Amino acid sequence: MDVLMFLAAPFVVSLVWSGILAYLGVHVVERGVIFVDIALAQIAALGAAVAILMGLDVHGGGAYAVSLGFTFLGAVVFSTVKSRTRRIPQEAIIGITYAVASAGAILAMSKAVGETEHLKDMLVGNILVVSWPEVGQAALLCAFVGAFHYIFRRRFLLISTDPAAAEAQGISVSWWDFLFYLSFGFVVTSAVAIAGVLLVFCYLIVPSVGAILFADSIGRRLAIGWTMGAVVSALGVYLSLVLDLPTGATIVCTFGGVLLVMAALRVLVFSRSPGAT
């Protein structure tokens, strides 16, 4: 019973992040900007590193504000580069941003004496020690962002799947792209502080990729993605405790293992189907 109580908060916050990130991941995959999440997450980590260098408490409101400011700047860049620099692939800009943000975080932390352990936390997180107040804050944030996306779901989905049609209907794609990345930034900044860059990336991309293996419609992809996120969260948190391993890294590896199983299952199922090609 004590073990279950200890694992409850990490598991619940994993479900919270899985719910919103799996949804956002559907849009990211449809837009073809797979690495935008890890780039924004690394920008948030850079902001946290700069906050530490400024002498701010890494878990305080000041550090969060600095990290959020950096993320908003990234949202502005990613939402404008698509429409203004068509000659340069957006993925190239995202990759460059990730590399520079990663190097910047390392440089900042190299000057923060006694704080180098936070560099590891930014990468893999420390979700096992999350508190219930942090779980509540994460749930409120995700509920707010989820409601925002639900209200404007048709516009966001149309822009993600067919931006040309959205422009033909008079929708300002660049403006709604900015709103998408802005809301995305709120989620990523908070998630990175708890889960780390790698785990946030996995929650965003892996469930969507796993869902694509078995479903074509958005609704079915979300159902599969949410189910996968819940199962992997429970299994990863449990294995990290039993095997005494870092929780974030364990969940990331569990995501990889489960995705391999799903891919093998798809090959097995479709190879035996009469109409398989």
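## Basis

The model is predicted, with local features requiring pLDDT of at least 70 and side-chain atom pairs pLDDT 80 or more, while totals for chains, interfaces and linings use all residues. Residues are numbered from 1 along each chain as its sequence is written, and side-chain values use heavy atoms, without hydrogens and water.

## Salt bridges

Two salt bridges are present, each defined as a side-chain nitrogen of Lys or Arg within 4 Å of a carboxyl oxygen of Asp or Glu. Glu 30 and Arg 221 form one of them, at 2.8 Å from N to O. Glu 30 belongs to helix α1 and Arg 221 to helix α11, so this pair ties together parts 191 residues apart in sequence. Helices are DSSP runs (H or I, at least four residues), numbered from the N terminus. Glu 30 is partly exposed at 30% relative accessible area, whereas Arg 221 is buried at 13%. Buried means under 20%, exposed over 50%, and partly exposed in between (1.4 Å probe, protein chains only).

Asp 177 pairs with Arg 31, with 2.6 Å between the closest N and O atoms. Asp 177 lies in helix α9 (residues 173-195) and Arg 31 in helix α1, so the pair ties together parts 146 residues apart in sequence. Asp 177 is buried at 2% relative accessibility, and Arg 31 is buried at 15%.

## Helix α2

Helix α2 (residues 36-53) has 18 residues and spans 26 Å from first to last C-alpha, close to the expected 26 Å; the expected span is 1.5 Å times one less than the number of residues. Of its 18 residues, 16 are buried, so α2 is largely enclosed by the rest of the structure. Just after α2, Gly 55 has a positive phi of about 90 degrees.

## Second largest pocket

The second largest pocket holds about 320 Å³ of space. Of its 16 lining residues, the closest to its centre are Tyr 23, Gly 146, His 149, Leu 222 and Trp 226. A pocket here is an open set of points on a 1 Å grid over the protein atoms alone, where a 1.4 Å probe fits, with protein on both sides within 12 Å along at least five of seven lines; lining residues have an atom within 4 Å of a point. The volume is the space filled by probe spheres set on the points, which are joined across faces, edges and corners. Helix α1 gives the most to this lining, with six residues.

## Asp 244

Asp 244 is found in the loop between α11 and α12. Its phi is near 55 degrees, a positive value in a residue other than glycine. Asp 244 counts as exposed, at 68% relative accessibility.

Conventions
Helix = DSSP H or I, 4+ residues; strand = E, 2+ residues; numbered from the N terminus.
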